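Biologist: Could you put the model up, so that we can go through a few residues together?

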Amino acid sequence: MNWIPLTTETQLSEIKATSAEKPVVIFKHSTRCSISAVAKSRLERAQMPENISFYYLDLISFRNLSNKVAADFSVDHESPQVLLIRNGECVYDESHSGIRMEELEAHAN
């Protein structure tokens, strides 16, 4: 898995722009949560689709950015959480045990 670290608010504009060309996933991960670790591992073991960019947000280190993601994409904050962004908007989000690569792929197409 080739995660792109999400560490700045500027990247949110980049994500919105990129999502006009191809889907973008933001994975919000709590480094203190075993459920989040399981979700991250599940994604990393799956075949990574070539047509989706994957961003990783450590929400413990970047809590304010995590809150900005929730506000910008009109989703409730959860952890762990995936957001699928297309055309600058969140078209799918899921949390906890519902985080699966197959679902991300299905909603991306």
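Modeller: Here are some notes on individual residues and on the cysteines. This is a predicted model, where local features need pLDDT of at least 70, side-chain atom pairs count only at pLDDT 80 or more, and totals for chains, interfaces and linings use all residues. Residues are numbered from 1 along each chain as its sequence is written, and side-chain values use heavy atoms, with hydrogens and water left out.

Biologist: Where does Q11 lie, and is Q11 buried or exposed?

Modeller: Q11 lies in helix α1, residues 10-18 (a helix is a DSSP run of H or I, at least four residues, numbered from the N terminus). Q11 is buried, at 11% relative accessible area (buried is under 20%, exposed over 50%, partly exposed in between, with a 1.4 Å probe and protein chains only).

Biologist: What does Q11 contact beyond its neighbours within four places in sequence?

Modeller: Q11 is in contact there with I4, P5, L6 and Y55, contact being heavy atoms within 4.5 Å. A polar atom of the Q11 side chain also lies 3.0 Å from the backbone nitrogen of T8.

Biologist: Switching to cysteines, how many disulfides are there?

Modeller: The count is zero, taking a disulfide as a pair of cysteine sulfur atoms within 2.5 Å. For C33, the nearest cysteine sulfur is that of C90, 20 Å away. C33 is partly exposed, with a relative accessible area of 22%.

Biologist: And V82, buried or exposed?

Modeller: V82 is buried, at 1% relative accessibility. Leaving out residues up to four places away in sequence, V82 touches several residues, including V25, F27, Y92 and L104.

Conventions: Helix = DSSP H or I, 4+ residues; strand = E, 2+ residues; numbered from the N terminus. Polar contact = N/O pair within 3.5 Å; in protein donor to acceptor, adjacent residues only side chain to side chain.
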